[in-house]
Structures are given as C-alpha cells and as structure tokens.
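Subject: Structure handover and notes

Hello,

Here is the structure for your set. Please open it before reading on.

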Amino acid sequence: LPVSHLAIGAMIAALLHPRTSLRRDWRVVGLGAFFALAPDFDFFLVWVLGLSRSWHRSFSHSVFFALAVTVFLLAWTRLSRPKIALACGLALLSHGLMDYLAANEGGGVRLLFPFSLRWMKFGYGSFFETGPGSYWY
C-alpha cells in the first residue's frame with residue numbers, strides 16, 4: 001500500500017539522519033518518503049504512455065536500480081551528503097523488497113532486473129495485487 005511505502009521510507013530517512021526532528025528536518029524525512037514511493041511512478045509508463053502492463057514492478061523495483069540511483073545521488077552531491085543519499089537509496093530499495101514480500105497472486109517483481117527478467121515473489125500473504133495479470137488494469 002502506498003501509505004506503507006511512505007512510512008517505511010520516512011522511517012529509514014529518520015534512522016539514518018539521527019538529528020532529525022520533523023520540525024527542523026522535515027525535508028530529509030520527506031525525501032525518504034518520496035524515494036520509497038517513487039518506483040510506482042512506473043504506472044506512468046502503463047497508464048499514460050500506454051506501454052505493456054509488464055513495465056510495472058520491473059526495472060524501477062530492482063535492487064540494481066536502487067543501487068544506481070544511490071551512486072547517482074552520491075556523485076550529484078559530490079559525496080557531501082552521504083547519509084541522505086544512502087537514506088534515499090535504501091528507501092527506494094525498500095519499495096521493491098516490500099512488494100516482493102507482499103506479492104502473492106500477481107506476477108511479483110523483477111527484483112534482479114536487468115540481470116534476470118524473472119518475476120519473483122515471496123508468496124505468503126498479500127493486501128491486493130497491482131502487478132502483471134492483476135485485476136487493477
């Protein structure tokens with residue numbers, strides 16, 4: 001669920017930025033929440049651009065995508081804010097892992113994309129499915 005992704009991302013940012021008080025450092029917590037929800041922006045590819053449903057839960061949910069974004073953020077900030085870059089990367093990674101754990105009836109996630117195109121799922125319990133083959137689209 002989006003609320004769960006947002007909460008986990010905010011928590012990761014708060015844990016990696018221990019001076020965090022919502023009053024003073026709400027931007028860091030907000031960044032964590034944003035990056036934790038960002039992988040679902042792949043719905044844009046499906047709903048707006050009309051691409052195949054298989055784009056959802058693919059590259060944007062992979063471990064390597066989260067690693068690439070983290071490296072990009074570290075380079076973009078010239079290593080001046082490594083904890084924030086790491087928090088954003090871990091928040092991004094949390095999304096794919098949470099979807100992997102929650103997927104049951106849908107196709108799962110491409111957690112190891114681009115090295116594997118296999119859909120993976122833990123297969124124990126689910127809230128509702130939004131992956132390939134689901135009833136959402």
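**Ground rules**

This is a predicted model, in which local features need pLDDT of at least 70, side-chain atom pairs count only at pLDDT 80 or more, and totals for chains, interfaces and linings use all residues. Residues are numbered from 1 along each chain as its sequence is written, and side-chain values use heavy atoms, with hydrogens and water left out.

**Overall**

The protein has 5 helices and 0 strands. Read from the N terminus, the order is α-α-α-α-α. Helices (H or I, at least four residues) and strands (E, at least two) are DSSP runs, numbered from the N terminus.

Of the 137 residues, 39% are buried. Buried means under 20% relative accessible area, exposed means over 50%, and partly exposed lies in between (1.4 Å probe, protein chains only).

The accessible surface is about 8,200 Å², and carbon and sulfur atoms hold 71% of that. Areas come from the Shrake-Rupley method with a 1.4 Å probe; for residues, only the protein chains shown count as cover.

Take the contacts between residues at least 6 apart in sequence: 53% of them join residues at least 24 apart. A contact means heavy atoms within 4.5 Å.

**The loop between α3 and α4**

Start with His56, which is in the loop between α3 and α4. His56 counts as buried because its relative accessibility is 0%. Its side chain makes a polar contact of 2.6 Å with the side chain of Asp42. A polar contact is a pair of N or O atoms within 3.5 Å; within protein, one must be able to donate a hydrogen and the other to accept it, and residues adjacent in sequence count only if both atoms are side-chain atoms.

Arg57 is in that loop too, between α3 and α4. With a relative accessible area of 5%, Arg57 is buried. Its phi is near 65°, a positive value in a residue other than glycine. Most residues other than glycine have a negative phi, and most peptide bonds are trans.

Ser58 sits in the loop between α3 (43–47) and α4 (63–76). At 2% relative accessibility, Ser58 is buried as well. Which residues does Ser58 contact, leaving aside its neighbours within four places in sequence? They are Asp42, Arg110 and Trp119.

**The salt bridge**

How many salt bridges does the structure hold? It holds 1. Asp99 pairs with Arg57, and the closest N and O atoms are 3.5 Å apart. This pair links distant parts of the chain: Asp99 is in helix α5 (residues 82–102), Arg57 is in the loop between α3 and α4, and the two are 42 residues apart. The cut-off is a side-chain nitrogen of Lys or Arg within 4 Å of a carboxyl oxygen of Asp or Glu. Side chains of opposite charge can pair when their charged atoms come close. Asp99 counts as buried, because its relative accessibility is 7%.

**Helix α4**

The 14 residues of α4 should span 20 Å at 1.5 Å a residue, and the end C-alpha atoms are 20 Å apart, which agrees. The expected span is 1.5 Å times one less than the number of residues.

Ala66, Val69, Thr70 and Leu73 are buried in α4. They lie on the same side of α4, because they cover an arc of only 100° around the axis. That arc is of the directions from the helix axis to the C-beta atoms. Leu67, Phe72 and Ala75 are exposed on the other side of α4.

**After α4**

Is Arg78 buried or exposed? Arg78 counts as exposed, because its relative accessibility is 73%.

Ser80 is also found in the loop between α4 and α5. At 52% relative accessibility, Ser80 counts as exposed. Its side chain reaches the backbone oxygen of Thr77 at 2.6 Å.

Check the peptide bond from Phe113 to Pro114: it is cis, with omega near 5°. Pro114 lies in the segment after α5.

Best regards
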